[in-house]
Amino acid sequence: MKELTALIEKSNCHPILLRLAWSDAVTYDVDIIEWPFCGGVNGSIRFERELAREANAGLTKAVSLISAIKRRYSRLSWADVIQMAAVVGIKLAGGPEIQLTYGRLDAPAELLETEE
């Protein structure tokens, strides 16, 4: 969390990291039971196919901002790092402290290679 705090304070990137987390989460479809096809917070936003969607314009920058942290802490999933960045950003912007539970799984790349 210290590294995320330093990154956010230096880059003033609170809003884009919150948007990244939101965009990863809003893919959830309650009508689909099977994970990872149901979407949700699964780190799929890191893939080009998701980043290329019009609603996700500019989020490549957000993924780039946290990529070094993800590489350094490879045991954490992309999904966890993305959500952690949003939680830290909210706190640094004066918002509430949000408890975060870790252990999210990342959607595999193969999921996004299928046709819609």
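Okay, let's start with a crossing: helices H4 and H5 cross in a right-handed way. Before I go on, keep in mind that this is a predicted model. So how do you describe a pair like that? Two packed helices are described by the angle between their axes and the distance between the axes. Here, H4 covers residues 59–72 and H5 covers residues 78–92. The angle comes out at about 115 degrees, and the axes sit 10 Å apart.

Which residues make the meeting between H4 and H5? On the H4 side you've got Val63, Ile66, Ser67 and Lys70. Facing them from H5 are Trp78, Val81, Ile82 and Ala85. If you sort that contact by class, you get six nonpolar residues, one polar and one charged.

Let's stay on H5 and pick out Asp80, which is in that helix. Is Asp80 buried or exposed? Buried: its relative accessible area is 3%, and the cut-off for that label is under 20%.

Take Gly103. Its backbone nitrogen lies 2.8 Å from a polar side-chain atom of Asp80.

Then Arg104. Its side chain makes a salt bridge with the side chain of Asp80, at 2.7 Å from N to O. Arg104 lies in the segment after H5 while Asp80 is in H5 itself, so this pair ties together parts that are 24 residues apart in sequence. As for accessibility, Arg104 is partly exposed, with a relative accessible area of 25%, whereas Asp80, as I said, is buried at 3%.

How many salt bridges does the structure hold? Four.

Glu3 has 28% relative accessibility and counts as partly exposed. Arg72, on the other hand, is exposed, with a relative accessible area of 59%. Why do those two get separate labels? Because the exposed label needs over 50%, and partly exposed is what lies between that and the buried range.

The other is between Glu97 and Lys91, where the side chains meet at 3.9 Å, N to O. Glu97 is exposed, with a relative accessible area of 59%. Lys91 is partly exposed, at 43% relative accessibility.

Last stop: His14. You'll find this histidine in helix H2, which runs over residues 14–25. Buried or exposed? With 16% relative accessibility, His14 counts as buried. Its side chain has a polar contact of 3.4 Å with the side chain of Asn12. Leaving out neighbours within four places in sequence, His14 is in contact with Ile8, Gly89, Leu92 and Ala93.

Terms used. Residues numbered from 1 in each chain as written. Predicted model: local features only at pLDDT ≥ 70, side-chain atom pairs only at ≥ 80, totals over all residues. Heavy atoms only, no water. Axes fitted to C-alpha atoms, helices over the stretch in contact; angles between N-to-C directions. Helix = DSSP H or I, 4+ residues; strand = E, 2+ residues; numbered from the N terminus. Left-handed = near helix turned anticlockwise from the far one by under 90°. Contact = heavy atoms within 4.5 Å. Nonpolar A, V, L, I, M, F, W, Y, C, P; charged D, E, K, R; others polar. Buried < 20%, exposed > 50% of the residue type's maximum accessible area, 1.4 Å probe, protein only. Polar contact = N/O pair within 3.5 Å; in protein donor to acceptor, adjacent residues only side chain to side chain.
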